[in-house]
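Q: I would like to learn how to read a protein model, feature by feature. Could you give me the general idea each time and then the case at hand?

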Amino acid sequence: MSNVNVKRLVANIRSGTNIYTPLVELVVNAIQAIDAKGIQNGLVEIEVLRNGQADMIDRLEDVDGFRVKDNGIGFTKTNRDAFDTLYTEQKIADGGKGFGRFTCLKYFDRVKVSSTFAEGDAFRDRSFRMGLDKDIIVDEKEGSSQAQATGTVVEISGIKSVRFPDKKLETISRVVVERLLPYFVDQDRPCPRVVIREAKNPSADAGTPSAPLSLNDYLDKQNSQIVEMKVDEGTFSLSANEDEKSFQVRVFKFFAPRTAKSKVSLVAHRREVTDNALQTYISEFAEEFFEPGPDQDLAKGRNFVIKAYVFGDYLNDNVSLERGEFRFQTDIDLLNGISQNDIEQRAAEVAQSAVGAEIAERKKRKEVRIAEYVTNDAPWHRILAKEVDFSALPMRPSNQDIELHLQKKKYEQEIATRTQVTALLNSENPDELGEKIAQLIEKISDNSKNDLIHYVSMRKCVLELFSKSLEIKADGKHKSEGEVHDIIMPRKKDSEELNYEAHNLWILDERLNFTSYMSSDKPLKPSGDRTDITIYNRRVAYRGDNETSNPITIFEFKKPQRDDFANPSSKEDPIQQIIRYVNQIREGKFKTPTGRDILVNDTTPFYGYVVCDLTQKVKDWLQKEKNFTPMPDGLGWFNWFGNISLYMEVVSWTKLLRDAEMRNKIFFNKLGID
């Protein structure tokens with residue numbers, strides 16, 4: 001009689017088990033019972049127990065449990081006492097933990113055992129249930145038997161809380177085969193026949209009986225669904241605290257994979273413990289593979305995935321009690337020296353060698369995809385892309401995937417360069433300066449080139465948008481000045497609200513990139529007139545105590561093809577608007593929206609620009625009424641208002657675009673994006 005708090009013991013089972021764990025445990029126990037009997041015709045039968053309402057599609061009820069039968073040695077007195085002992089050491093030579101049976105109670109309400117065993121020349125029967133209180137074995141019965149062979153039936157039923165994830169025999173058998181494949185491919189210890197069937201035929205009423213399936217047939221030579229692949233080097237070693245640990249990798253094709261992914265599985269004592277996607281380590285495993293049929297017949301070909309099983313004493317020695325995980329760390333393991341990721345990474349490389357040609361082709365396609373993105377969409381990354389390792393990217397990376405990866409690598413390079421610069425500046429060894437300075441300058445230069453290429457490429461995009469905004473819309477009308485305005489600088493904003501990169505004032509004048517304050521379509525305080533854009537240039541040079549004047553630049557935009565502002569009765573005369581605004585600033589009437597003074601004196605120069613389309617009406621108006629002088633290219637007019645130190649130009653949208661394109665053309669040409 002045992003004295004174990006079974007309920008608490010079961011409640012504390014947490015690591016790595018799932019609903020399939022009890023079934024796998026029972027099948028392994030059945031195989032071990034057959035091995036102990038030493039027979040050649042061993043047979044394990046799995047019966048699926050169902051309960052509930054059959055669904056309308058496949059007319060199958062939910063799985064409620066399993067019945068596992070074997071013709072092994074049976075529950076002898078020794079086996080019975082081992083079952084009744086927590087952490088029994090009876091199967092320790094075969095990797096037994098003396099604990100696996102308790103996983104049955106974690107997922108199922110009932111565990112019943114019926115067994116026939118030999119005692120001398122006679123046969124005896126033993127039956128019992130697993131208890132949920134203090135005793136592991138309850139309701140035990142033993143007596144003489146009329147049977148003529150030994151064997152055991154273990155039934156688990158009454159599935160707890162969660163539904164069993166699969167219904168079809170084919171699906172359940174496939175999962176069990178994958179979990180126990182090391183048993184099926186062990187050449188030193190042949191696996192007995194394992195068959196799965198329905199406990200009762202759910203389709204009998206429909207006249208379509210469900211045939212039993214043999215799990216061994218998945219590896220049958222004639223019509224195999226699982227085939228072992230040859231690898232050039234299937235072993236590798238890793239160092240654990242100066243002690244070399246050896247591992248063996250066996251790689252298999254799994255045909256008809258459904259939705260499965262190629263995986264790497266770590267095995268302990270011939271049981272799969274963990275499985276993780278191979279694409280975690282080599283992204284080109286993300287998709288299925290394809291094998292043509294006989295004579296390269298594509299129509300008869302089959303899809304497959306790869307599964308790499310890893311074996312080794314290090315795994316056997318470190319598997320958890322429940323066989324759901326290992327005692328070493330998943331990532332970096334400073335204590336044991338070898339982590340799960342270390343093992344899986346090396347195993348993935350072995351698996352890659354088994355399908356090397358296809359992986360190489362997939363990598364090549366990814367490289368072409370990345371090269372196309374850099375060439376067509378991100379030329380500023382050309383230098384960086386030559387140095388970056390893209391192996392971690394998905395097999396079919398999106399533009400965002402590539403860009404984020406490059407930005408991350410760029411940031412890492414910048415941090416590394418800054419660290420090296422700091423170390424060099426703090427160095428007390430002058431002999432190392434020369435060569436290291438040259439190396440660092442080259443790195444800094446490359447980073448700067450990337451930034452410049454990016455900046456110029458963005459200018460190309462902006463000018464294309466700007467050109468498009470000047471075209472006639474489908475309704476035959478031009479876009480409003482507001483829509484064009486927003487490309488140059490967003491309306492209702494000032495530099496207190498916008499980042500430096502948020503405007504495109506360089507379209508108007510390159511010097512406007514270096515301004516200390518700008519206001520876009522927003523009145524200065526106190527409320528009064530507003531201009532489209534007002535610019536206050538920062539001081540740019542000093543001569544002793546003397547400083548240069550601080551020019552103020554004002555822009556007014558008019559909708560393409562609009563010329564009603566030239567009418568005699570118009571209240572939107574842009575020239576008068578700019579003149580009035582200049583006078584108000586000179587009179588000290590305004591502050592910036594943040595309350596800063598606008599500092600001017602008698603010599604402060606003002607620059608005014610009106611951007612509009614120069615229709616004949618506007619040209620006549622400028623010449624006859626405003627006394628403006630035409631520019632040599634005919635696309636602009638200018639005038640000087642000496643009494644208020646205002647230089648003003650009226651330029652066409654065409655000139656604005658053409659001049660901006662001309663200033664940047666040499667850069668576009670050098671980048672090959674013109």
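This is a predicted model: local features need pLDDT of at least 70, side-chain atom pairs count only at pLDDT 80 or more; totals for chains, interfaces and linings use all residues.

Q: What share of the residues counts as buried?
A: A residue is buried under 20% relative accessible area, exposed over 50%, and partly exposed in between, with a 1.4 Å probe and protein chains only. Of the 674 residues of the protein chain, 47% count as buried.

Q: How many helices and strands are there?
A: Helices (H or I, at least four residues) and strands (E, at least two) are DSSP runs, numbered from the N terminus. The secondary structure of this chain comes to 15 helices and 25 strands.

Q: Which residues of helix H14 are buried?
A: In general, an α-helix has 3.6 residues a turn, so residues three or four places apart point the same way. In H14, residues 616-625, the buried residues are Val618, Trp621 and Leu622. Seen down the axis of H14, these buried residues fall within an arc of 95° (taken from the directions from the helix axis to the C-beta atoms), so they line one face of the helix. On the other side of H14, Gln616 and Lys624 are exposed.

Q: What covers the buried residues of H14?
A: The cover includes helix H13 (574-586) and the strands E22 (606-612), E24 (636-641) and E25 (646-652). Just after H14, Asn627 takes a positive phi of about 60°.

Q: Which residues touch the most other members of the largest nonpolar core?
A: A nonpolar core is a set of buried Ala, Val, Leu, Ile, Met, Phe, Trp, Tyr and Cys residues joined through side-chain atoms within 4.5 Å. The largest one has 61 residues, of which Leu23, Phe66, Ile172 and Leu181 touch the most other members. Helix H5, residues 169-184, gives the most to this core, with nine residues. Apart from it lies another core of 35 residues, among them Val251, Leu278, Phe285 and Ile359.

Q: Is Asp62 buried, exposed or partly exposed, and what does Asp62 touch?
A: Contact means heavy atoms within 4.5 Å. Asp62 has its place in strand E2, residues 62-70, and counts as partly exposed because its relative accessibility is 23%. Not counting residues up to four places away in sequence, Asp62 touches Leu49, Arg50, Asn51, Arg163 and Lys167. The C-alpha atoms of Asp62 and Arg163 are separated by 7.4 Å, although the two are 101 residues apart along the chain.

Q: Why is the pair of Tyr314 and Phe328 called stacked?
A: Rings of Phe, Tyr and Trp (its six-membered ring) pair if their centres lie within 6.5 Å; planes under 30 degrees apart count as stacked, over 60 as edge-to-face and the rest as tilted. By this rule the count comes to 20 aromatic pairs. The rings of Tyr314 and Phe328 have centres 5.2 Å apart and planes at 15°, so this pair is stacked. Both Tyr314 and Phe328 are buried.

Note on methods: Residues are numbered from 1 along each chain as its sequence is written. Side-chain values use heavy atoms; hydrogens and water are left out.
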